[in-house]
Amino acid sequence: MTQIQTGSIRDLWKISFPLMISFFSLMLMLFVDRLFLSHYSADAFNASAKAGTLAWSIIAGWMTLCGMAEVFVAQFNGAGQIKKLARPVWQMVYLALFSFAFFIPASTIGTKLIYGSSHPNESLYFFWMMITGPLSAVFPALGAFYIGQGRTSVITYLAIFGNTINIILDPLFIFGYGGIFPELGVAGAAVATGIGSLVQVGIIVYLILQKKHREKYNTHDLSFDWQLFKNCLKVGVSPAFFVVLEVLGWAVFYHMMALVSPMHIFISSILQSIVILAIFFPMGLEKGMIAVTGNMIGAKNIDRVKTALRSAFIIVGGYVALMGIAFVFFGDWIAHAFLANSSQVEASVAEQMGNIDPNLIFSTVKTGLIFIFVYITFESLRWVINGILTAAGDTNFLLYSGFLSIWLLMLTPTYFFVVKPKASMMNALYIWLFYSFSSFLILYFRYRYGKWKKIDIMHKKEEKVSTVPEQA
């Protein structure tokens, strides 16, 4: 059994860093897709932002739901019940396989209903993202076996391997090559990502079913446990819906930007692509906090959670400092990576935006990097708290507060202060910061209130033993 009890900077970093690399690899897949598509055509690039965000709002919900197995793995591991570690994993694998019944109709009927034939690039990208959606759902379910124990290096290696496959296949599928690979454009980006995910799933299934894991953790027990399945759903449904609603909110935001002007959606797509790459850090740290605090709760050491929180805040401080330095010294290069395209792309952008000065676009993107820096700072702090509340099972609050935050604190102000008056992109960026800061404060006060300490998610039916003491 892997012991995770101290909550020190070293222990939290040891668990979180491989997960950060894993998420960096995943986000790099999306970033590389966007980067290649920005050199393919402006229309394909914008389509990947609009249709891709909508697709990810759906996929991320299933990923979050199936990944909730890690909460139970962490608490079982902390309680020393290692023979039960694989049970929640297989329950969520079954759920991921069931998701085919959702994703297949979504890819066919859903694409026609949403995009019809008037948006060919959006239709293609959304279709292929939905077709490969179940692969994205099953991997976090399987990965929970390692993450819940704090054995995260395996996930890192798999993520890097899958991302390498995506980077190799992206240019071949998007642009085509010598008649061997057809030019698939925006669809090629989604297909390359799907193949990378398929390879990851195949390898991790092999690893989990190795003899040493079968003997130690009973991983070959594939039986369906209805009670555990329900408990996983009870904990996972709320954060899954939260993720869907949050990412869907961002999809609505980008639709709003498209209504304002072609320049608004083009700049928004660039900034979103940079955020996608930078967000790997809080995503990995959140998973690390779930593993660490979940083990503490399972071992009835809830008083140590505050140590993990303090460690996480220090780690966040180091990351945002490095990010600020990178934006200062490499800001021009980051902006030019999306704007210094082929003449074909430049002509496409110019045709959509009229006589807009390219220097204005460049300067707005450069200014946007400052806003991204502040935004990622608040998001990192928010996701740290989110990890603690998730590990404790306080997921209903995350759903309600998240839903109200994005729709009332971001989308409503965007509509009234950006869309209706056709205001500048800067107004939208200020709203980003207002939303992120407010969301962090809401979760922080929830953490301080302490209701999460009294939640029991383990053995709801089998054992009526609280895993959390009344006093912190």
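Q: In which helix does Ser311 lie?
A: You will find Ser311 in helix 14, which covers residues 305-339. Helices (H or I, at least four residues) and strands (E, at least two) are DSSP runs, numbered from the N terminus. The model is a predicted one, where local features need pLDDT of at least 70, side-chain atom pairs count only at pLDDT 80 or more, and totals for chains, interfaces and linings use all residues. Residue numbers start from 1 along each chain as its sequence is written, and side-chain values use heavy atoms, with hydrogens and water left out.

Q: Why is Ser311 called buried?
A: Its relative accessible area is 5%. Buried means under 20%, exposed over 50%, and partly exposed in between (1.4 Å probe, protein chains only). Ser311 is therefore buried.

Q: What does Ser311 touch, leaving out residues up to four places away in sequence?
A: Ser311 touches Gly7, Ser8, Ile9 and Leu12. Touching, or contact, means heavy atoms within 4.5 Å.

Q: What makes Gly52 a buried residue?
A: Gly52 has a relative accessible area of 2%, so the label is buried. This glycine lies in helix 2, residues 42-67. Not counting residues up to four places away in sequence, Gly52 touches Ala47 and Tyr125.

Q: Why does Ser401 get the label buried?
A: At a relative accessible area of 11%, Ser401 is buried. Its place is in helix 17, residues 395-419. Ser401 touches Ile442 and Leu443, again not counting residues up to four places away in sequence. Ser401 and Ser424 are 23 residues apart in sequence and 29 Å apart in space, C-alpha to C-alpha.

Q: Why is Asn218 called partly exposed?
A: Asn218 has a relative accessible area of 25%, so the label is partly exposed. To find Asn218, look in the loop between helix 10 (211-217) and helix 11. Its phi is near 60°, a positive value in a residue other than glycine.

Q: What makes Lys300 partly exposed?
A: Lys300 has a relative accessibility of 45%, so partly exposed is the fitting label. Lys300 lies in the loop between helix 13 (280-298) and helix 14. Here phi is near 65°, a positive value in a residue other than glycine.

Q: Why are helix 2 and helix 11 called roughly antiparallel?
A: Their axes come within 7 Å and cross at roughly 175°. Axes are lines fitted to C-alpha atoms, for helices over the stretch in contact, with angles from 0 to 180 degrees between N-to-C directions. Under 35 degrees counts as roughly parallel, over 145 as roughly antiparallel, 65 to 115 as roughly perpendicular and the rest as oblique. Helix 2 and helix 11 are therefore roughly antiparallel. The residues of this contact divide into 16 nonpolar, five polar and one charged. Nonpolar covers Ala, Val, Leu, Ile, Met, Phe, Trp, Tyr, Cys and Pro; charged covers Asp, Glu, Lys and Arg; the others, Gly among them, are polar.

Q: Why are helix 11 and helix 18 described as roughly antiparallel?
A: The axes of helix 11 (residues 226-260) and helix 18 (residues 425-449) cross at roughly 165° and come within 12 Å. The two helices are therefore roughly antiparallel to each other. On the helix 11 side, the contact is made by Glu246, Trp250, Phe253, Tyr254 and Met257. Helix 18 contributes Met425, Ala428, Trp432 and Tyr435. By class, this contact has eight nonpolar, no polar and one charged residues.

Q: Where is confidence in the protein chain lowest, and where is it highest?
A: Helix 15 (residues 343-353) is lowest, with a mean pLDDT of 47, while helix 4 (residues 86-98) is highest, at 94. The pLDDT is the predictor's confidence in each residue, from 0 to 100. Over residues 341-349 the pLDDT is below 50, and this stretch has 15 contacts in the model beyond near neighbours in sequence. The chain averages a pLDDT of 84, and 91% of the residues score at least 70.
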